[in-house]
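The following paragraphs are meant for a reader who meets this structure for the first time. Please keep the sequence and the model in view while reading.

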Amino acid sequence: PKAGEARVAHRAIGLNFIDVYHRTGLYPMTLPSGLGGEGAGVVMSVGPGVTHVRPGDRVAYTASGSLGSYAEERVLDARSLVRLPDTISEQTGAAMMLKGLTAWYLLKRSYKVAAGDWILLHAAAGGVGLIAAQWARELGARVIGVVGSAAKRELALAHGCEHALLDSEDVPRRVRELAGGGVPVVYDSVGRTTFFQSLDCLRPHGLLVSFGNSSGRVEPFGLHELQKRGSLYVTRPTLQDFIRERSDLEAGSSELFDLVQRGRVQIHVNQ
């Protein structure tokens with residue numbers, strides 16, 4: 001490792017939907033490049049100037065801006081590393097950094113969810129969805145999830161959702177019925193097929209947080225679509241912009257680790 005870097009021996013790595021985007025070229029990579037943006041393991045050595053971790057530390061990271069976790073060992077910017085608490089395994093650490101910190105910035109930074117807020121969460125039984133729903137419930141929010149099957153509906157209801165709608169339903173109508181006219185925020189990782197439906201679920205001055213595109217990129221749209229639905233707002237955030245500063249990474253990780261250690265958010269490793 002050079003100055004500011006660390007060499008990490010992986011004990012586990014995470015696979016995420018964003019990896020599919022890198023493989024297909026939806027999110028172009030600069031070649032040559034490895035794959036994978038999430039992992040956990042042990043620090044083997046550090047370069048000059050690295051003081052927050054040292055050899056022997058158990059660490060986890062998400063570094064989608066610096067790919068390469070599909071490896072037994074790698075050298076990376078040490079600023080991405082956070083030390084894992086003794087009570088959290090490397091397998092759990094590798095399964096939660098990208099998704100958990102995504103849930104953190106969605107709920108605490110993109111729109112600050114408060115107790116009593118109704119929120120709508122697409123893909124509520126997915127990786128981010130399961131964490132975000134549990135975290136939102138812990139904040140006192142009332143979570144409406146959208147899922148693709150009856151089995152996923154039960155999963156979402158068991159992990160923080162007060163209601164779980166099938167995507168085959170008239171979602172905007174059901175949301176307006178449940179939330180008394182619409183929700184203040186919609187979290188949408190599906191993209192193209194749900195974008196206008198998400199806008200239709202918002203109350204006036206509501207915010208659509210479009211943070212993924214599993215169904216494809218959102219097509220260009222006229223700004224009048226926001227005006228005619230009640231002066232709405234739309235944002236398209238990405239995790240790296242919320243953890244560029246070391247203090248933000250540490251704050252988000254600390255909150256995530258605390259919730260996991262207290263059993264308020266469960267991290268599932270399914271395969």
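A disulfide is counted where two cysteine sulfur atoms lie within 2.5 Å of each other. In this predicted model, the count by that rule comes to zero disulfides. C161 takes part in none, and the nearest cysteine sulfur to it, that of C201, is 14 Å away. Seen from C201, the closest cysteine sulfur is that of C161, and the 14 Å between them is too far for a bond. Both residues can also be described by their surroundings. C161 is buried, with a relative accessible area of 6%, and C201 is buried as well, with a value of 0%.

How many of the six residues of strand 7 are buried? Five of them are, so strand 7, residues 142-147, is largely enclosed by the rest of the structure. On one side, strand 7 pairs in the parallel sense with strand 6 (residues 118-122) over five bridges. Within this pairing, I119 stands opposite V143 of strand 7. Strand 7 is also joined by four bridges to strand 8 (residues 163-166), and these two strands run parallel. Here the bridge partner of V146 is L165, in strand 8.

Strand 6, helix 3 (residues 127-138) and strand 7 make up a right-handed β-α-β unit. From strand 7 the chain then crosses through helix 4 (residues 150-157) to strand 8, in a β-α-β crossover that is right-handed. Helix 3 has a further relationship, with helix 2 (residues 90-110): the two pack at an angle of about 50 degrees, and their axes are 9 Å apart. Helix 2 is therefore oblique to helix 3. The crossing of helix 2 and helix 3 is right-handed.

Y187 has V209, in strand 10, as its bridge partner. Strand 10, which spans residues 202-210, also contains H205. The phi angle of H205 is near 70 degrees, a positive value in a residue other than glycine. Is H205 buried or exposed? At 57% relative accessibility, H205 counts as exposed.

A second residue with a positive phi is S231, whose value is near 55 degrees, and S231 too is a residue other than glycine. S231 is found in the loop between helix 7 (224-227) and strand 11 (233-235). With a relative accessible area of 40%, S231 is partly exposed.

Another open sheet is formed by five strands in the order 4-1-2-3-5, and its pairing is antiparallel. Its edge strands are strand 4 (73-77) and strand 5 (82-83), each of which pairs on one side only. Strand 3 and strand 5 are paired in the antiparallel sense over two bridges. In strand 5, R83 is the residue that V59 stands opposite.

The C-alpha atoms of V53 and R83 are separated by 7.2 Å, although the two residues are 30 residues apart along the chain. V53 has its place in the loop between strand 2 and strand 3 (58-62). V53 is buried, with a relative accessible area of 2%.

One feature of the backbone remains to be pointed out. Which residues are joined by a cis peptide bond? The bond lies between L31 and P32, and its omega is about 0 degrees. P32 is found in the loop between helix 1 (17-24) and strand 2 (38-46).

How values were computed:
Residues are numbered from 1 along each chain as its sequence is written. This is a predicted model: local features need pLDDT of at least 70, side-chain atom pairs count only at pLDDT 80 or more; totals for chains, interfaces and linings use all residues. Side-chain values use heavy atoms; hydrogens and water are left out. Buried means under 20% relative accessible area, exposed over 50%, partly exposed in between (1.4 Å probe, protein chains only). Two strands pair if DSSP finds at least two bridges between them. A crossover is right-handed if, with the strands pointing away from the viewer, the path from the first strand over the helix to the second runs clockwise. Axes are lines fitted to C-alpha atoms, for helices over the stretch in contact, and angles run from 0 to 180 degrees between N-to-C directions. Angles under 35 degrees count as roughly parallel, over 145 as roughly antiparallel, 65 to 115 as roughly perpendicular and the rest as oblique. A crossing is left-handed if the near helix is turned anticlockwise from the far one by less than a right angle, and right-handed if clockwise.
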